[in-house]
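Please look at the sequence and the model first.

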Amino acid sequence: MSSTKRSPWITLSALLIYFFLYAPIVVLIVFAFNSSKTNIVFEGVVNQGACGPFYWFCKLFSNDDVLDAAKNTLTIAFISTIVSAIIGTMAALALQRYDFPVKRASEAALYIPIVIPEIVMGIGILVFFSALFTWFNSTFGLVGDGRLAMGLGTVIVSHIAFSIPFVTLVVRARLHGFDKSLEEAAMDLGANEFTTFRRVTFPLIAPGVLSGALLAFTLSLDDFIITFFTTGPGSTTLPIYVYGLLRRIVTPEVNALSTIWILTVLIVVFISQRLEARR
Amino acid sequence: MAEYAVELRDISKRFPGPSGELVTAVRNVTMQIRDGEFFSMLGPSGCGKTTSLRMIAGFELPTEGEVYIHGKPMGKTPPFQRPVNTVFQNYALFPHMTIGENVAFGLQMDGVPKSEIMARVKQALEMVRLPGYEKRRARQLSGGQQQRVALARSLVKRPEVLLLDEPLGALDLKLRKDMQLELKKLQREVGITFIYVTHDQEEALTMSDRIAVMSGGVTLQVGNANEIYERPNCKFVADFIGETNFLQGKVTEQNGKAVTLALAGGLTVHAEAEQSLANGTEASVAVRPEKVNLTGHAGAANQFTGRIVSVVYIGTDTYYGVRLPGDQLLRAREQNDRPDSRPMAAEGDEVTISFSTQAARVLTE
Ligand SMILES: Nc1ncnc2c1ncn2[C@@H]1O[C@H](COP(=O)(O)OP(=O)(O)OP(=O)(O)O)[C@@H](O)[C@H]1O
Ligand SMILES: [Mg+2]
């Protein structure tokens, strides 16, 4: 392979692809250290206050709105990841193991959320929740603060909903070719159903479950559209917050925030790749 | 103590087929397996051997009938509560555990104290000639070694009955032969009842105390190697175990066990039958090739002249195909035990063949 002469065009186009992919990210990170508050042109590295070049990062951490948004984002991501990992894994096991009348249909239905446009799903969830809440509030005569309304809960539920198919997909890939006789061997040796799952099935599919969960985590962390439709007062997430900032002025604070974010996602992706490689 | 280690009483198993209809895998099977015996289920692919074994282990429940283990009806007892263990065809060693952990698994499930587990695992691995392999992983072992680990993992629990589903199927011929002897020796030493599934008749004959020959979900004959080989009760068994010539004819006379039949081409055969047969009954006479003598025998009950149509040399023996009057073919097997080992006859030679009454069995089904 290495002896075949490569066309310079291939090298060039590869370089261009990487340039288009990474140049914006590099610019974004560089501008997090800009000394200009308007952040339109780079006017040299900021060196202000106790933090020096990390001035905008420090400013970020003293901003309560940012911290609240970060807290919301992480809360939503953690809860939706754990719940969707459990449900998604159970769905994968059920699809793998049992034959039931609507199996094919339910399998197809599970993957529809992956392919339909996110905005359609966002609107769908919005319409669903508002209709449900309107009916619920009027039926039970709820008023004022007692009314059901959009908020952290609705965001979490919708994140769980769109994460499940991804977890199921990844776990099913892991289950493909799973040797059923391993479970039978465990039972044969005296393990009941639960012990068999705990000692044999789960350890064998765990890498799949983990990488599915990490996928769900990153999807939740940077989801904008569905969150936008289901969020309410007090449940602003980082993507929503940044979007709000952008409409006014892009200070280097936003760049600093994005830099931290990119690093976080990179670390998560790196871990999940390592887990996949361990198969 | 119950009379039998395992008893299948009138077991049937039906599976839902691909298009909704029911497929019968096992049909009205009744078997009694004695304590401490090496019992084999032998039959061609798809005859229901694995299904029968899985019903004893509890992985499948019979559609009809009942499995008894030491006299106790098993009903819906799950596998983890049955006093039997299985050695799977693909070994099914846990890939995420070491060999030691694999063997210890069953003991942990039984709540055996840790110190005892260590000792018993060590002892079990020594028994299968893999001492000191505790820390290795299954994928680091050869097929034969994995097979022995699977055996140790089951035997360490000291089950009353060990079920083995073609445990040597994946091994090469040489290793297979070694393992056959080893397994048989092990079974004698531990004194556990072995129920062994195989489609290899030679393997079954070599190892078993008794064999059940199965076909199409039914048991055709149960007996020891000698009975099954020498006195098959139907054409399928005669054909499946070893090799057999079948001569077609009609019964002309029966006197106790001795039966006379008329074959095509005006030949008369003197044979033996267990059953009573009406004159004129269409029947087959089964004769093993090694019981046919290529040199005529004065005083032999059956003596025919024919022409050699084929000579096949297979080393220890040579097969001679002989065409009899009436166009029936008979294969004779002669040992190459003379010093010069020249063939006894050549193609086209006219020969007189002979076989005894006892060598010819009348089979109707
Ligand atoms: N789970 C199942 N679902 C449907 N049909 C089955 C199932 N298990 C077995 N069968 C059918 O039952 C019949 C007997 O199968 P079984 O596995 O017992 O055969 P076998 O004697 O062990 O054959 P082999 O030597 O090939 O292993 C076959 O026709 C098979 O297709
Ligand atoms: Mg089988």
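**Cysteines and an open sheet**

Over all chains, the structure, which is a predicted model, holds one disulfide.

Q: Which two cysteines form the disulfide?
A: A disulfide is a covalent bond between the sulfur atoms of two cysteines. Two sulfur atoms count as such a pair within 2.5 Å. Sulfur atoms 1.8 Å apart are found in the pair A:Cys51 and A:Cys58.

Q: Is the disulfide of A:Cys51 and A:Cys58 left-handed or right-handed?
A: The handedness follows from the torsion about the S-S bond of A:Cys51 and A:Cys58. This torsion is about -105°, so the disulfide is left-handed.

Q: Is B:Cys47 buried or exposed?
A: Buried means under 20% relative accessible area. B:Cys234, at 8%, is buried. B:Cys47 has a relative accessibility of 2%, so B:Cys47 counts as buried.

Q: What is the order of the strands in the open sheet of chain B?
A: The sheet has four strands, and their pairing is antiparallel. The strands S17 and S18 (350-355) stand at the edges, each with a single partner strand, so one side of each is left without a neighbour in the sheet. Neighbouring strands are turned by 50° against each other on average, direction ignored. The order is S17-S16-S15-S18.

Q: Which residue of S17(B) is the bridge partner of B:Thr318?
A: Strand S16 (residues 317-323) of chain B runs antiparallel to S17(B), and seven bridges join them. In this pair of strands, B:Gly321 stands opposite B:Arg331. The bridge partner of B:Thr318 is B:Glu334.

Q: Which residue in the turn between S16(B) and S17(B) has a positive phi?
A: The two strands form a hairpin, with five residues between them. A phi of about 85° belongs to B:Gly326.

Q: Which residues make up the covered face of strand S17 of chain B?
A: In a regular strand the side chains alternate between the two faces of the sheet. On S17 (residues 329-335), B:Leu329, B:Arg331, B:Arg333 and B:Gln335 form the uncovered face. The covered face consists of B:Leu330, B:Ala332 and B:Glu334.

Definitions and conventions. Residues are numbered from 1 along each chain as its sequence is written. Chains are lettered from A and ligands numbered from 1 in the order in which they are written. This is a predicted model: local features need pLDDT of at least 70, side-chain atom pairs count only at pLDDT 80 or more; totals for chains, interfaces and linings use all residues. Side-chain values use heavy atoms; hydrogens and water are left out. Buried means under 20% relative accessible area, exposed over 50%, partly exposed in between (1.4 Å probe, protein chains only). Two strands pair if DSSP finds at least two bridges between them. Axes are lines fitted to C-alpha atoms, for helices over the stretch in contact, and angles run from 0 to 180 degrees between N-to-C directions.
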